[in-house]
Amino acid sequence: MLGPTRESNSNEHPAFAGLEEQIPPGRSLWADGLRRLRRQRLAVVCFWIVVLYLGLAGFEFAVELFDWEKPAFVRWNEIVGPSYQKPMESYEWTDEQGRSCIRRAWMGTDFMGRSTLRRTLYGAKTSITVALCASLISLAIGVPLGAAAGYFRGWIDDLIIWLISTLSTIPYLLLLMAFAVVLRDRTFWGIELRGITSVYLAMGLTSWVGICRLIRGEFIKRKESEYVLAAKATGCSNARIIFSHLLPNVFHIIIIDLSLRFVDFIHAEVILSFLGLGETDKPSWGAMIDAARAELARDVWWEMTAATVAIFLLSLSLNLLGDALRDCLDPKLRMD
Amino acid sequence: MVSAENNPLLEVHDLKTYFPIRAGFFGRIAGYVKAVDGVSFRIHPGKTLGLVGESGCGKTTVGRTILRLVPAVSGRILFDGCDVLQIPPARLKPLRRQMQIMFQDPYGSLNPRMNVETIVGEPLKVHGIASGSSRRQRVVELLEQVGLSPRYLDRYPHEFSGGQRQRIGIARALALGPKFLVCDEPVSALDVSIQSQIINLLMDLQARLGLTYLFIAHDLAVVRHISDEVAVMYLGRIVEHAPRDILFEHPLHPYTQALLSAIPVPQPGLRQKRIVLTGEIPSPANPPSGCPFHPRCPLAEERCRQEQQVLAEYEKGHWAACWKAAT
């Protein structure tokens, strides 16, 4: 009775025939968000700084894993000069082969004469390994629990909420330290927990509450939305609704939360190392700051400064990137 | 259209849908919101029943209960002779192919992370009807059926206008080839010019595919245009049910009369006698005694406060729930 309508009519009109080819393909919210992100120069800079850190950590990791020949900046254990050599000053040094030469340590040396710069660079590996593993563990626990609680409600929800409330009544740092102490140098099912393994396990096991709550709230909200009802009406199973309708719609929230939480994990690693619960035999930023406690009295400021600047730069970049991601990926915050 | 007076496609009997109100630490059930409180109607194949009422009167819940999206407390829903409420949840799929729903909000009813092909093709995938290129072919057909170009296959919902999104919603609802469609306020979120396009598309599809509609709306002009019969709901109950023209020409229930007098007349200078209802719609968690409409009814008397008139047939096919209707 009514044929083509105005909306479709205009597209088929001969005047628009040439335009048809020019219509760009559909753009998903992801592609759209990334396009927005690319337009923010600061976010792009932060992104590359984070990539640099990740690349450095990855490289240090690969060198150890595959036993490659180590380039100079990876050999953090090498003694390059006298104890507590000041930065930027040249000094005379006899190397392993007995040759004498003039050298300059850019960021000075520690009490054993090891390069502060190399130790700081190695600290990136420690910090990022801890933050990455802790994030993955907390996501692996928090997201499924939050999704189950929000979607099924009822007794499952009660149980998970009870667990969350119980965990969050304990002060975070105490809980973290308790876990770190308990897990330290233990063997579970034949796996020995050494060094930082216990640190990121402790962080992962204590920090899933936040993401769990977030996901639960989002699921409760979106479960009643019309697109989920429509999916139910077409006969989609619960698994299909959760995995192909709800999770893709909260995934950007997971990413944003992760980028902001990453910073917390790096800080937590520093705090644990500072308290002597973290990495002890390899350099880490926290351990360097811990060592600087005694050194500052002797006017050795460079180790503290190097570690702090490294932490500062990474935290700032991650925070700015996280904010930019939030602006770009959340469809509700879109300005245009 | 063929009328089959004897075999309604959908028959709803004394349907009740209550939502529990939980209170206190242990989630004790403190009461019920009686969203749908004893609704009965029937729809014949190829016909449209318009369901009207104020917001919060339970009309949306009726539609969702019929599709088993919300659980009913009691009552019977016979669809094509089989009792919908008795089907175990695991065996609802065949029913899903027979009845579908389209929603009010064109922005909320499409998954923003899926493109058109996935949205419209999902029912086909879930029911294992078509896959690969034959599914794409079917999606293209569906899009053409609702007046959208197949060039939009890889587009995402945010790239469409409200009217186009409703068309996508219709295409998705039609994907399984249903006989019966619940249209839950399909045009109330759209511009008036787009409203008529969607309404006309729905009527066109009804004529071509022999669909049966339950058309839920609060816009009386739209309902008059599309419906064969109209039921008026108030506070979870149907207060009047009649063929379209009879209801609009000669309403019996004071609530219907008030609703109809509120329709604006597009004629300047014409003064119309309006029945202005005072007071608020009562809470369905705590409905008034007797006739639920009595606190706002201009004709209410003592009897209305105490007992409720059930739906009674005053003329052929014209049902109303009011003592005063007879006079």
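Helix α4(A) passes helix α7(A) in a right-handed crossing, a term used when the near helix is turned clockwise from the far one by less than a right angle, with anticlockwise being left-handed. Helices here are DSSP runs of H or I with at least four residues, strands are runs of E with at least two, and both are numbered from the N terminus. The model is predicted, so local features need pLDDT of at least 70 and side-chain atom pairs count only at pLDDT 80 or more, while totals for chains, interfaces and linings use all residues. Residues are numbered from 1 along each chain as its sequence is written, and chains are lettered from A and ligands numbered from 1 in the order in which they are written.

Stay with this helix pair. Helix α4 (residues 116–152) and helix α7 (residues 196–206) of chain A pack at an angle of about 40 degrees, their axes 8 Å apart. Axes are lines fitted to C-alpha atoms, for helices over the stretch in contact, and angles run from 0 to 180 degrees between N-to-C directions. On α4(A), the contact residues include A:Thr126, A:Val130, A:Cys133 and A:Ile137. On α7(A), A:Val199, A:Tyr200 and A:Met203 are among them. Contact means C-beta atoms, placed from the backbone, within 7 Å. The contact divides into 10 nonpolar, 4 polar and no charged residues. Nonpolar covers Ala, Val, Leu, Ile, Met, Phe, Trp, Tyr, Cys and Pro; charged covers Asp, Glu, Lys and Arg; the others, Gly among them, are polar.

Chain A also holds a strand pair. Strand β1 (residues 90–94) runs antiparallel to β2(A), joined by 5 bridges. Strands pair if DSSP finds at least two bridges between them. A:Tyr91 stands opposite A:Arg103. Strand β2 (residues 100–104) of chain A is hardly covered, with 0 buried residues among its 5. A residue is buried with 20 or more other C-beta atoms within 10 Å of its own, exposed with 12 or fewer, and partly exposed in between, with C-beta atoms placed from the backbone.

Now turn to chain B. An open sheet of 4 strands has the order β2-β1-β4-β5, with antiparallel pairing. β2 (28–43) and β5 (82–83) of chain B each have a single partner strand, so one side of each lacks a neighbour in the sheet. Strands β1 (residues 10–23) and β4 (residues 74–79) of chain B pair over 5 bridges. There, B:Val12 has B:Ile77 as its bridge partner. β4(B) and β5(B) form a hairpin with 2 residues between them. B:Asp80 in that turn has a positive phi of about 55 degrees.

B:Leu15 sits in strand β1 of chain B. B:Leu15 is buried, with 24 other C-beta atoms within 10 Å. B:Leu15 touches residues including B:Val36, B:Val62, B:Ala72 and B:Ile77.

What of the cores? A nonpolar core is a set of buried Ala, Val, Leu, Ile, Met, Phe, Trp, Tyr and Cys residues joined through C-beta atoms within 7 Å. The largest has 111 residues, and B:Leu51, B:Cys183 and B:Phe215 are among those with the most contacts inside it. Another core, of 46 residues, lies apart from it and includes A:Val199 and A:Ile311.

Finally, the chains meet. The contact takes 30 residues from chain A and 37 residues from chain B. On chain A, α1 (6–12), α9 (226–233) and α10 (238–274) each supply at least two residues. The largest share, 6 residues, comes from α9(A). The chain A side divides into 13 nonpolar, 10 polar and 7 charged residues.

How values were computed. Contact = placed C-beta atoms within 7 Å. Lists of a residue's contacts leave out its neighbours within four places in sequence.
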